Amino acid sequence: MKIAVFPGSFDPITLGHLDIIERAVPLFDKLIIAIGQNSQKKYMFPLEKRMEFIRKSVAHFPNVEVDYFEGLTINYCIKKEAQFILRGLRNPADFEFEKAIAHTNRTLAKRKLETVFLLTSSGKSFISSSIVREIISNKGEYQLFVPDAVRV
């Protein structure tokens, strides 16, 4: 069984995230959207709300699971018996950052754990959760950049 973990904070999930998820679903037997928890980080939305946003956004995919974890992504992947980490790339800067993490994860895992990169679709490559949070904070039209479940 091919299992992939798509880790992130998803604060909130965006149309860019959803684009990656939709395109990854047919590639894996199971895709786990895993919200990483960092006690040092301040989130706009609580974990439960982020999980709800994601669950509603991916409810139509039978092979997608939503979960959360603390600690290293590789430890979570090993626990879930995942062979792949899924990451989305928006631009060259993302690639350089993600490449270093992918090499580190593979080395730390001491086993076959591959990172699979998908490029975001061109019309969504500018969307990020941090931009969406800034728009929300300033009472802007954030609904243009998030799935229906986040449009509250």
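**View 1. Helix H4 lies across strands E4 and E5 in this predicted model.** The direction of H4 (92-109) makes an angle of about 170° with that of E4. Helix H1 (15-24) also packs on the sheet, where H1 touches E1, E2, E4 and E5 and has a direction at about 115° to that of E5.

**View 2. Five strands with parallel pairing form an open sheet in the order E3-E2-E1-E4-E5.** Because strand E3 (64-70) and strand E5 (114-119) stand at the edges with a single partner strand each, one side of each of these two strands is left without a neighbour in the sheet. From one strand to the next, the twist averages 35°. Within the sheet, E1 and E2 run parallel and are joined by six bridges, and Gly 8 has Ile 35 of E2 as its bridge partner.

**View 3. The largest pocket holds about 1000 Å³ of space.** Its lining is made up of 39 residues, of which Pro 7, Gly 8, Ser 9, Arg 87 and Glu 98 are the closest to the pocket centre. Among the elements that each supply at least two residues of this lining are strand E1 (3-8), strand E2 (30-37), strand E4 (84-89) and helix H5 (129-137), while the largest share, eight residues, comes from H4. By residue class, the lining of the largest pocket divides into 14 nonpolar, 18 polar and seven charged residues. Gly 8, one of the residues closest to the pocket centre, is also the bridge partner of Ile 35 in E2.

**View 4. Glu 52 and Lys 49 form a salt bridge in which the closest N and O atoms are 3.5 Å apart.** Side chains of opposite charge can pair when their charged atoms come close. Because Glu 52 and Lys 49 are three residues apart in helix H2 (residues 47-58), about one helical turn separates them. A search of the whole structure finds 12 salt bridges.

View 5. Most residues other than glycine have a negative phi, and most peptide bonds are trans.

Terms used. Residues numbered from 1 in each chain as written. Predicted model: local features only at pLDDT ≥ 70, side-chain atom pairs only at ≥ 80, totals over all residues. Heavy atoms only, no water. 1 Å grid on protein atoms, 1.4 Å probe; cavity = no way out; pocket = protein on both sides within 12 Å on 5 of 7 lines; lining within 4 Å. Points joined across faces, edges and corners; volume = space filled by probe spheres on them. Helix = DSSP H or I, 4+ residues; strand = E, 2+ residues; numbered from the N terminus. Nonpolar A, V, L, I, M, F, W, Y, C, P; charged D, E, K, R; others polar. Pairing = 2+ DSSP bridges. Axes fitted to C-alpha atoms, helices over the stretch in contact; angles between N-to-C directions. Contact = heavy atoms within 4.5 Å. Salt bridge = Lys/Arg side-chain N within 4 Å of Asp/Glu carboxyl O.
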